[in-house]
Amino acid sequence: MTDARRRRPDTMIVEGGRKPEWTTGIVNPPVWRASTMLFDSVAEMEASNPPRHGRLQYGRNGTPTQWALAEALTGIEPGAAGTRLFPSGSAAVAIALMAVLSPGDEILMVDSAYAPTRIFCDTVLKPMGVAVTYYDPMIGRGIETLIGDRTKAIFLESPGSLSFEIQDVPGICEIAKARGLVTLIDNTWATPVFFQALSAGVDISILAATKYIVGHADAMIGTVTANARWWPRIERTSQVFGQHVGPDDAYLATRGLRTLGVRLRQHQQSALKVAQWLQAQPQVSRILHPAFADCPGHEHWVRDFKGASGLFAFELKGGDADARDALIDGLEHFGIGYSWGGFESLATPADAERIRTASRWQAEGPRVRLHIGLEDVDDLIEDLARGLARYGASA
Ligand SMILES: Cc1ncc(COP(=O)(O)O)c(C=O)c1O
């Protein structure tokens with residue numbers, strides 16, 4: 001680091017958004033609840049337009065609780081001009097897409113995208129007159145062959161949160177820039193701690209902050225962080241769509257954010273230990289983890305990422321979906337439920353074949369997706385050992 005005054009990521013995570021006028025002496029910016037804010041005169045009220053980040057005006061335009069979170073997230077994404085908050089990750093994806101696309105445009109959408117992102121494309125964008133073309137996550141610079149006169153945007157998700165391919169993000173973004181296209185990424189798996197999307201050339205980075213930023217499975221929130229070129233469009237579109245996050249959820253996300261670095265490093269360490277152990281088990285045929293050499297796009301992970309989070313999958317030998325489901329049902333320390341990124345471990349089926357249209361993703365056996373939480377990793381391994389033994393006996 002050449003500038004000694006430039007704070008490193010863990011310091012920014014701890015200090016971001018803690019302006020004295022927002023914290024008023026409290027360590028973490030507290031919960032400011034408001035819809036109406038009062039002015040001294042009509043003239044002062046009228047002068048508060050247009051609403052501005054950091055100036056109290058009306059509840060929907062935020063209070064220090066939301067501004068502190070947005071500012072802290074902008075601070076950990078080099079190249080960012082600002083961050084908007086949304087009531088969920090899916091809302092963040094939807095509004096970011098609405099901000100960049102108009103009827104008549106085409107978007108190139110990665111085939112490994114989170115299923116509700118696809119559903120938004122197919123059921124909202126297509127009827128609006130936006131063409132949606134799905135592409136193979138491993139296409140890399142070959143994306144150029146898909147770009148036509150109407151193409152406006154490329155959406156990436158890396159790694160895919162069911163299938164774990166790592167995309168050539170800088171390569172795709174270089175082509176996009178040369179052709180005047182806007183790029184968006186769902187960076188939920190890595191967060192800016194492990195992958196700085198804007199530095200890699202992306203224009204707009206989206207997080208389902210519900211996962212690692214909140215980190216405690218007790219609040220829903222989404223974020224969109226954009227560079228200077230796209231920030232005004234993101235800000236305006238989220239305002240006109242009335243997107244707002246209540247102060248209690250924003251507070252929980254800021255509290256979660258303060259420990260993001262240390263949590264992610266523990267998720268990484270424990271997940272790698274579990275994955276390496278699983279790889280040696282006779283019932284397991286394959287590990288889908290970006291840090292493993294045979295994961296598609298592993299070389300991009302080595303080149304571009306600073307680490308791996310706690311979400312990965314493994315493939316079982318033999319057996320069928322029922323035997324796999326019984327394995328999951330019998331686990332003691334793994335919850336069964338949607339989402340991931342909290343302190344607790346989760347296990348779910350991971351079948352992606354049925355939602356692919358542009359690329360083949362064929363499994364040899366049933367798959368399990370694990371989110372490795374912050375429990376003692378040896379308890380998790382012993383639990384999985386008992387599960388695999390039951391699976392082996394039944395398969
Ligand atoms: C990769 C990814 N993106 C976006 C979302 C949507 O986030 P939310 O559940 O907050 O709407 C999820 C949720 O599981 C996800 O896994």
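Modeller: The protein chain is divided into domain 1 (9-257) and domain 2 (260-394), with bounds from an automatic or database domain assignment. This is a predicted model, so local features need pLDDT of at least 70 and side-chain atom pairs count only at pLDDT 80 or more, while totals for chains, interfaces and linings use all residues. Residues are numbered from 1 along each chain as its sequence is written, and side-chain values use heavy atoms, leaving out hydrogens and water.

Biologist: How many residues of domain 1 are in contact with domain 2?

Modeller: Contact here means heavy atoms within 4.5 Å. On the domain 2 side, 43 residues take part, and on the domain 1 side the number is 40.

Biologist: Which domains give residues to the lining of the largest pocket?

Modeller: A pocket is an open set of points on a 1 Å grid over the protein atoms alone, where a 1.4 Å probe fits, with protein on both sides within 12 Å along at least five of seven lines; lining residues have an atom within 4 Å of a point. The largest one is lined by 41 residues. At least three residues come from each of domain 1 and domain 2.

Biologist: Which residues lie nearest the centre of that largest pocket?

Modeller: Elements giving two or more residues to its lining are α5 (89-100), α6 (115-125), β6 (204-207) and β10 (346-349); helices (H or I, at least four residues) and strands (E, at least two) are DSSP runs, numbered from the N terminus. Nearest the centre are Tyr-114, Ala-115, Pro-116, Tyr-338 and Arg-369.

Biologist: Where do the buried residues of α6 sit around the helix?

Modeller: Buried means under 20% relative accessible area (1.4 Å probe, protein chains only), and in α6 that covers Thr-117, Arg-118, Phe-120, Cys-121 and Leu-125. Taking directions from the helix axis to the C-beta atoms, they fall within an arc of 155 degrees, so they line one face of the helix.

Biologist: Is Asp-304 buried or exposed?

Modeller: Asp-304 lies in helix α12 (residues 298-304) and touches Pro-170, Phe-194 and Phe-195, not counting residues up to four places away in sequence. With a relative accessible area of 19%, Asp-304 is buried.

Technical notes: Buried means under 20% relative accessible area, exposed over 50%, partly exposed in between (1.4 Å probe, protein chains only).
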